[in-house]
Each structure stands twice: as C-alpha cells, then as structure tokens.
Amino acid sequence: DADVDELFTIPANWLHLGTNLIAMEVHQVNSTSSDIVWGMALDATRPVTNCAQGTLVLNEVFANNESFTNAAGRTPDWVELFNASTNAIELSDLSLTDDVGTPRKWVFPPGRSLAPGDRLVVECDDSLPASATNTGFGFSLGGDVVYLFKSQAQGGGMLDSIAFGLQTADFSIGRIPDGAGSWALTLPTRESANVPAGLGNAG
C-alpha cells in the first residue's frame, strides 16, 4: 500500500556469518496501473558482548605513543591481549586487524600460546614491515578500531573488538580490571596490570 508504511522482520536465523543477499520485489496491481511507488529502508540491530568471560580478549590499546620506547628505541603503537581463562590458549593462526573487511591482515605465527592470566603485547608499527611481533599497520590517533579474529580452523569469527576516538598522547585505553572490565583511560602498562589514569575535575 503506497500510503501505509509496512514492516517485515527478517528472522535472525535466516542470516549467516559473512555476506548476506537480501532481495526485494515490487509488483503492480495490474498491467495498466501507472502509480508504482517503491521506497525501502533496512534497519539492523546486532547485540555484541565484546568480553565473553573465560576467553582471550583485547586488554589494552596504545594508539598515540610519543615517549614509551621499545628495545629498539622506537615508539610504536601496540595492542595487548589477555588470557582470561584458566587454560593456556593457542594463538597460532588467530589474527588482528584494523579493517573488518580484511580480518587476516596480521596472523599470529605458528607455535604461539598464552598461559592463563598472562598478557601479550603485539606492536603496531606501520613504518616497519610485518613480522612475528609487529602487525605492520598502526593506529590513527584521531580514532580507530581493533579486531581480534579466531583461527580459520575455529571458523574465523570475531573474538573481540574495540573502537575508540581521539587518543591523548602517552595514555592508553584498557580494561579495568584486566580481562573483564569496562574500557577506561589508562597509563601504558605493557604486559602488566592495567592502571587507571587520574582524571581532572569534570567541571
């Protein structure tokens, strides 16, 4: 009915992981009708729990590093992972990316694992080629996103993600408490417990 907005809900179980094609048709009431109208909007809601308990999670992101040097004297961005489970987690073939359309932008090398309660930092230095410890891509200090994906053997689905806005120099963002809490402004604490940053008066 051209004068009435009609709604149709697509059941979630009709969709699958990856690209879905949704096709619509419009029909005239008869072959001589001249008032065809076609208008459509698609709205989607996707609830996401980024930090499933007992899993491997993104724990800290440092996207505007001006002062904290690594062993080579460089100041790379980095992302820290935390094993929130009670078992060692195999990291081989898991992947990190800043582009959801390219989930395997950087892949963990074979033989990597993370003990329960341990942290692992992966550097994100876009001025160096990708390696076993560097993704080869960096983060934008004006805002970016990090995705952690499962291995291909596990189906390649998303394990965790964090999107962030403008980043203050020499501050990171991290979970408080580690592995399970909400994201907050933190002091850079590479491979050690996250420390919340002291904040000024909001007024």
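Q: In β9, which residue is the bridge partner of Val145?
A: Keep in mind that this is a predicted model, where local features need pLDDT of at least 70, side-chain atom pairs count only at pLDDT 80 or more, and totals for chains, interfaces and linings use all residues. Residues are numbered from 1 along each chain as its sequence is written, and side-chain values use heavy atoms, with hydrogens and water left out. Strands are DSSP runs of E, at least two residues, numbered from the N terminus, and β8 (residues 144–149) pairs with β9 in the antiparallel sense over 6 bridges. Across from Val145, the partner in β9 is Ala163.

Q: Which residue in β7 does Leu81 stand opposite?
A: Another open sheet, with 6 strands, runs β7-β2-β1-β10-β11-β12 with antiparallel pairing. Here β7 (119–124) is an edge strand, pairing on one side only, and 6 bridges join it to β2 (residues 77–83). Opposite Leu81 you'll find Leu120.

Q: How many nonpolar residues are in the lining of the largest pocket?
A: Nonpolar here covers Ala, Val, Leu, Ile, Met, Phe, Trp, Tyr, Cys and Pro; Asp, Glu, Lys and Arg are charged, and the others, Gly among them, are polar. The lining has 12 polar and 7 charged residues, and the nonpolar count is 25.

Terms used. Pairing = 2+ DSSP bridges. Helix = DSSP H or I, 4+ residues; strand = E, 2+ residues; numbered from the N terminus.
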